[in-house]
Amino acid sequence: MAPIPGSGLAKGLAVTLRTMTKKSVTAQYPDAQPDLPPRTRGVIGLFEENCTVCMLCARECPDWCIYIDSHKETVPAATPGGRERSRNVLDRFAIDFSLCMYCGICIEVCPFDALFWSPEFEYAETDIRDLTHERDKLREWMWTVPAPPALDPGAEEPKELATARKTADKLAAQQAPPATEPHADEQARAAEQPTRPQGDSKQQTDQPNPDRPKPGDSAPGHLKSGDSTPDQPKPGDSTPDQPKPDQPKPDQPKPGQEGSE
Ligand code: SF4
Ligand code: SF4
């Protein structure tokens, strides 16, 4: 059947009208930053403290764009009579991102978790030689690596996390100030409060607690001239545990009588 003249134009106008009523999905980059998934393959970060220069990543890279230089270093024996050890010291670690095809093989094969994906992608250069990132720049990318996702509920804690947590707990216990002892005394005093004889508040404050430090012990300079025994409560003390001068107890010496005892 022959097409109706003008039907193609009507279809095209229908598509135009449909898209005109939809919301635009265009991101105004660079004014608006894209909302990327956290595991976006943007650039590779190097955590060089974990790198043992095993060369696995450089050997497995299909583009041969990882450059590693190292030398061996002798480590003295840890104990007398022990054997010296040798270890690899990293001299250079570079990735040429003008060759990299972002396959992620190097990150997958690294046995020591020294390489990570970062979602950062704004490192375009006008000179292609600047796309070879040396170890310092690769380390800078580590600050942009997102934290790993949370473990599933009930999952076994990873060994490295458990070890780090135990070490942190041990350090915190060693660095804890000995200020916990006075705190324990405070708690002991608070526990003694209900055992005191019940009565009016004046009587309770007049009864010095034998377990408490005596007034003369803590502040001997506060003793007045009429006080001859530092273990007796002082008149005029402002603390509620001290007897008041105007209401002495019958079984305790009055302020004026202490000097004669
Ligand atoms: S992502 Fe792939 S191509 Fe890029 S450095 Fe790693 S292994 Fe090589
Ligand atoms: S595989 Fe990992 S540990 Fe080995 S050289 Fe590469 S980054 Fe370093």
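The legends below describe close-up views of a predicted model.

View 1. The shell holds 13 residues, of which Cys-61, Cys-100, Cys-103, Ile-105 and Cys-106 come nearest. By class, 11 of the shell residues are nonpolar, 1 is polar and 1 is charged.

**View 2. Surroundings of ligand 2.** Residues around this ligand include Cys-51, Cys-54, Cys-57 and Cys-110, together with Val-53, Ile-68, Phe-112 and Leu-115. The shell has 11 nonpolar residues and 1 polar residue, and no charged ones.

**View 3. The largest nonpolar core.** This core has 19 residues, and Ile-44, Leu-46, Cys-57, Cys-106, Leu-115 and Leu-138 have the most contacts inside it. At least two core residues come from each of strand E1 (43-46), strand E3 (85-96), strand E4 (115-118) and helix H4 (135-141). Beyond its neighbours within four places in sequence, Ile-44 is in contact with Ile-95, Ile-107, Leu-115, Trp-117, Leu-138 and Trp-141.

**View 4. Helix H1 (residues 7-20).** H1 is hardly covered, with 0 buried residues among its 14.

**View 5. Backbone exceptions in loops.** Most peptide bonds are trans, and most residues other than glycine have a negative phi. The bond from Tyr-29 to Pro-30 is cis, with omega near 5°; Pro-30 sits in the loop between H1 and E1. Val-53, in the loop between E1 and helix H2 (56-60), has a positive phi near 55°. Trp-64, in the loop between H2 and strand E2 (66-75), has a positive phi of about 55°. Val-53 is buried because 20 other C-beta atoms lie within 10 Å, whereas Trp-64 is exposed, with 10.

Notes. Residues numbered from 1 in each chain as written. Chains lettered and ligands numbered in written order. Predicted model: local features only at pLDDT ≥ 70, side-chain atom pairs only at ≥ 80, totals over all residues. Near = placed C-beta within 6 Å. Nonpolar A, V, L, I, M, F, W, Y, C, P; charged D, E, K, R; others polar. Core = buried A, V, L, I, M, F, W, Y, C linked by C-beta atoms within 7 Å. Buried ≥ 20, exposed ≤ 12 C-beta atoms within 10 Å, placed from the backbone. Helix = DSSP H or I, 4+ residues; strand = E, 2+ residues; numbered from the N terminus. Contact = placed C-beta atoms within 7 Å.
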